[in-house]
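This report goes through a few features of one structure, beginning with the ligand. The sequence and the model are shown below.

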Amino acid sequence: AKLYNLPGWGTPYFSVKQDGQLVVTPQGEEGPSISLHALVQSLQQKGLHTPVLLRFPDIVADRMEQLQGCFQTAVNRFEYQGKFQGVFPVKCNPDRELITSILQCGQKFGFGLEVGSKAELLMAMSLLAKYPGTNMICNGYKDAEYMELVLQSRQLGINAVVVLEQYQELDIVLEVSRRLGVRPVLGIRAKLTTKHSGHWGSTSGDRAKFGLRPREIVNLVDELACHGMLDCLKLLHFHIGSQVTNIRIIKEAMREASFLFAELVLMGADMKFVDVGGGLGIDYDGTFSDSVHSLSYTMQNYANDVVAAMQEVCIQRAIEPPTIISESGRALASHHAVMVFDVVSRPAAVSEVDEAAGVSVEFSSAKALTQQLRRAAKSGKGHFLLMTFKEVYEGIEPDVSSLSEAYNDAVYFKEEALRAFKLGVLSLEERAQVDILFDATCQRILDVAAAALLPLPEALQPDTRPHSATYHVNLSIFRSAPDTWAINQVFPVVPIHRLDEEPTVAATLADLTCDSDGKLDKFIARDGEDPAPVLPLHELHPTQPYLLAMFLTGVYQEVMGSAHNMFGATHAVHVRATPKKRSPTEGRKSQSGEPAGGGLVEEGGQLCGEGFVVDHIVAGETIEEVLSRAQHQGSHMYRAIRNAAASAVMDGSLGA
Ligand code: PLP
């Protein structure tokens, strides 16, 4: 576990058992645990194959409780008279099951939603109608239709707040409000000068895409006052960018925003809410450092700084403390999704290819070698090169200078062969023989040195590093982890079994797309430095699947993922902790009569384990579905191939 820094980024949800299996404990330390490997095996027995996205909604619930708890602690500590209410930014992950479970579990503390487009708004309206009074923060580009929907949401009992991000939006909301006869609740998004420097820092600062600058805010307040609607302005919002890694930036932003808030109150607005946006980060590499893949503050530090800044200004300016809203997405939902995929192959080593083709670098006799080289030599140059190289091979003596000279000559002949090949004077067969002779010479040097107890030339010293290899994995990074390609984000990748065995291969991962960017060659570094270029993995067993998982992928990856190379969405499986502990072996057997995968059994059509149930499975896209997105129709394609096959049978090029 330490090798992958698992305690750093995974605690308390992910850990390793003594038998080398990676387990998930979705409700935190106290709750039941499930082995990922056993879970995936059970799903496979039901025909659900990897890659599969596992969702643990209990993890989101636990993160929400933590966020609420941290703010409550801060409120108590600073004797803040207002309260905290979170909203989940739908853009982070609009999955229906996820959003409904966020609303269900957040109901007790009035947890709402943040939306940034008409589609998100319609979805949130339909879900929030069940929770009267819940906050719906409406950001993004807004036209008249958007404003109508927001005001209609208010008529449904939702506390919908229009956040004005561009000055022109004021005229639109005023017109729609007059037309519908509904008074809006308005917010202002401020363009703070405080800027952060991480991946998503361009969201902040004077040049940010969204938000109003101080003089626009002043004009807007004046205009609202002219229309007798200043009492509609109730919220101040800012968002300085996602994954803020340094708490200093949060402190600075809060100072700027809290004074802005106080000024708005003094200008006559009926301010009730301060919405501090997103930005609360997570520790991707588990190093708790200033690295862009980590963060150097806790959720509690964050809550303390937000509440303390607001409290200070409220006391100083004698104003009513507002309800604090945060739009944390990454911090709440990243941990809940785990992408499990398998290693499908590893390119064969040259020695394996040689063996399959019957090629050997050991020759039965000098005569056999001479014959082999003569057969391969197709030109005068080739013949000369091979025969001279053969003399080097045969002339190796058991002394240090001969070994080193033989190695240098071998390197020279190999380079010379490449030059001759590029000039077109060496055939491919001749070059292949040079390659074989090179390996044979190196092998002989090793054998002679070992027999005579001589030191080896430096280049032939045994490599103490684990050997490196590229493992092909059943995954499209463009579909399942686009940030790794787009912004060099690193996610923890760990085998989900065999963690009691020493990994001996330093691997990079190549995905199934035919795009050379479709690879993972940056992995979390344990020292918080630059990402590591290789991942320690195990040797593959010829008959045993090797399963890996990518963690912390619960936000942005699914929505940003694309069907590059026509790889569709993977299966997604929701696994929930059940309220009571249940034993899989108590009189329950799978259809085969044995507990499935050593952990889960089928009961009433559902897979259940001790303390768990697989409560929802969303099947991945079929090839036909992916093709239809590009307007290719399965039936047309079938007909075209069938007609072509019939013609091929008719003209004899295809057997009937
Ligand atoms: N709010 C707004 C306006 C955003 O643009 C974003 C995303 O960048 C968020 C909230 C979510 O931020 P995070 O995922 O850092 O919590």
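In this predicted model, the shell around the ligand is made up of 5 nonpolar, 9 polar and 3 charged residues. The ligand is surrounded by 17 residues, and the closest are Ser242, Gly278, Glu327, Gly329 and Arg330.

The record from UniProt, an unreviewed entry, places the feature "active site" at Cys514. Cys514 sits in the loop that runs between strand S16 (505–510) and strand S17 (519–520). Is Cys514 buried or exposed? Cys514 counts as exposed because it has 8 C-beta neighbours inside 10 Å, and the cut-off for exposed is 12 or fewer.

| Core | Number of residues | Some members |
|---|---|---|
| Largest nonpolar core | 149 residues | Leu36, Cys138, Val340 and Ala549, which touch the most other members |
| Second, separate core | 18 residues | including Ile396, Phe413, Val434 and Leu437 |

Val340, a member of the largest nonpolar core, has contacts beyond its neighbours within four places in sequence: Leu36, Val40, Thr50, Pro51, Val52, Leu54, Ile496, Leu547 and Ala549.

An open sheet is built from 3 strands in the order S1-S2-S3, and their pairing is antiparallel. Strand S1 (14–16) and strand S3 (34–35) are at the edges with a single partner strand each, so one side of each has no neighbour in the sheet. Strand S2 (residues 22–24) is joined to S3 in the antiparallel sense over 2 bridges. Val23 has Ser35 in S3 as its bridge partner.

Key: Residues numbered from 1 in each chain as written. Predicted model: local features only at pLDDT ≥ 70, side-chain atom pairs only at ≥ 80, totals over all residues. UniProt positions renumbered as here; feature names shortened; annotations may be inferred. Helix = DSSP H or I, 4+ residues; strand = E, 2+ residues; numbered from the N terminus. Buried ≥ 20, exposed ≤ 12 C-beta atoms within 10 Å, placed from the backbone. Near = placed C-beta within 6 Å. Nonpolar A, V, L, I, M, F, W, Y, C, P; charged D, E, K, R; others polar. Pairing = 2+ DSSP bridges. Core = buried A, V, L, I, M, F, W, Y, C linked by C-beta atoms within 7 Å. Contact = placed C-beta atoms within 7 Å.
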